[in-house]
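Here is my note on the model you asked me to look over. Please read the points with the structure open beside them.

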Amino acid sequence: NYNNIMELKRVVVTGIGLLSPLGNDVASSWAAMLRGESGAGPVTHLDVSKFRTQFACEVKDFDISTLLDKKEARKMDPFAQYAIWAAEEAWKDAAFNMEKENPDRMGCIWGSGMGGLRSFQECAAEWALSDGTPRFNPFIIPKLISNIAAGHISIRFGLKGPNYATNSACAASSHAIADALNQIRLGKADVMLAGGSEAAVEAMGIGGFNAMHAISTRNDDPKGASRPFSKSRDGFVLGEGAACLVLEEWQHAKERGAKIYAEVAGEGMSADSYHITAPDPEGRGAEKVMRLALEDAGIQPQDVDYINAHGTSTQLGDTAELMAIEKVFGTNNHLRISSTKSMTGHLLGAAGALEAIASILAIRDNIVPPTINHAADDVDEAINPELNIVFNEAEHTPVNCAISNTFGFGGHNACLVFKRVD
């Protein structure tokens, strides 16, 4: 606990940006979540007719040409384009006057689980069909490396402070936010852009997850396929997009009159140390990471009003997470739980940042987004009915503190704590 060593600086969120399967900005994505809409549908940009899964949560009507010229865009994989899009909205939202800022104290940490998957696939396919003569696009390496999104963001906004990438599968962008939080808390930066992006709705993404039986095959009902905590759940729905948060030192934000969404009060990190893809069946890693996050934030379990669960809609994962939540929080009657993945699908390395934004907006608006696709006759008997899972419709309720859970293949766990700022 850093607080036992030194006095840490407080950190707040002053800008947010989203590109999601529900909308191409924060406002439209949040409104769709509160309406309980699904972003799932048949895959449109490649032929998946021979795949066991033929649907996903794709972004819609995305046109990077409004931000980048064609020459620059061609140098970027979609995951980097998505990153620029979300970062642009967050940057404008934070409204910095760069004539008054020190770019040496502004940075970016960005997460992605897969990086430039489409670029890798296209290059590999071209090579396989060639006569063996090495003819490679000179931009192939900077298109596929997962750190390049952080580099593009730093170049676009002139950020000369800490700049790197996190890669911990589905926990990647939560780890990016946690690292950005600590850079500011320890006085190494004043402003950090943090988030994640993913563009894995590709043949290797769908085919790979099919091969490990991780994603739903409910092709007859794509919008109903992501159904966290329901008995009939059969895997997650692959999603894509990007999410960006602007984290800022509290006093720095106050002095420039910034709009403040919430305080980033703490973080926790742990490892299951159990299996490369399956969670600890007792939820021990998830339990540990939530306890660490609460300790880091200096709060008690009863202080938390909402948990944005990892809730992927897998049989093992959902049960283990709720088991861990019950161990930490009991069944207190004001705590609400929901999984927004029921609507957005699973954005892999970008999931944590998207769900962090959902947690922050729940605090701002005193409303908990729902877990959709749950039926009264589809109850999982392994889940304690006393847990207050918000099903099907958003619930208006006081939310002063929210936590967001993310757990990645490899046993990587991250938990973020957000609090209302008076």
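1. The model is predicted, and local features need pLDDT of at least 70, side-chain atom pairs count only at pLDDT 80 or more, and totals for chains, interfaces and linings use all residues. Residues are numbered from 1 along each chain as its sequence is written, and side-chain values use heavy atoms, with hydrogens and water left out.

2. Helix H1 covers residues 26–35, helices being DSSP runs of H or I with at least four residues, and strands runs of E with at least two, numbered from the N terminus.

3. Val26, Ser29, Trp30, Ala32 and Met33 of H1 are buried, meaning under 20% relative accessible area with a 1.4 Å probe and protein chains only, where exposed is over 50% and partly exposed in between. These buried residues fall within an arc of 160 degrees seen down the axis, so they line one face of H1, the arc being that of the directions from the helix axis to the C-beta atoms. Ala27 and Arg35, on the other side, are exposed.

4. The axes of H1 and H13 (residues 351–365) come within 11 Å and cross at roughly 75 degrees; the two helices are therefore roughly perpendicular, a term for angles of 65 to 115 degrees.

5. Asn332 lies in the loop between helix H11 and strand S10, and at 22% relative accessibility it counts as partly exposed.

Technical notes: Axes are lines fitted to C-alpha atoms, for helices over the stretch in contact, and angles run from 0 to 180 degrees between N-to-C directions. Angles under 35 degrees count as roughly parallel, over 145 as roughly antiparallel, 65 to 115 as roughly perpendicular and the rest as oblique.
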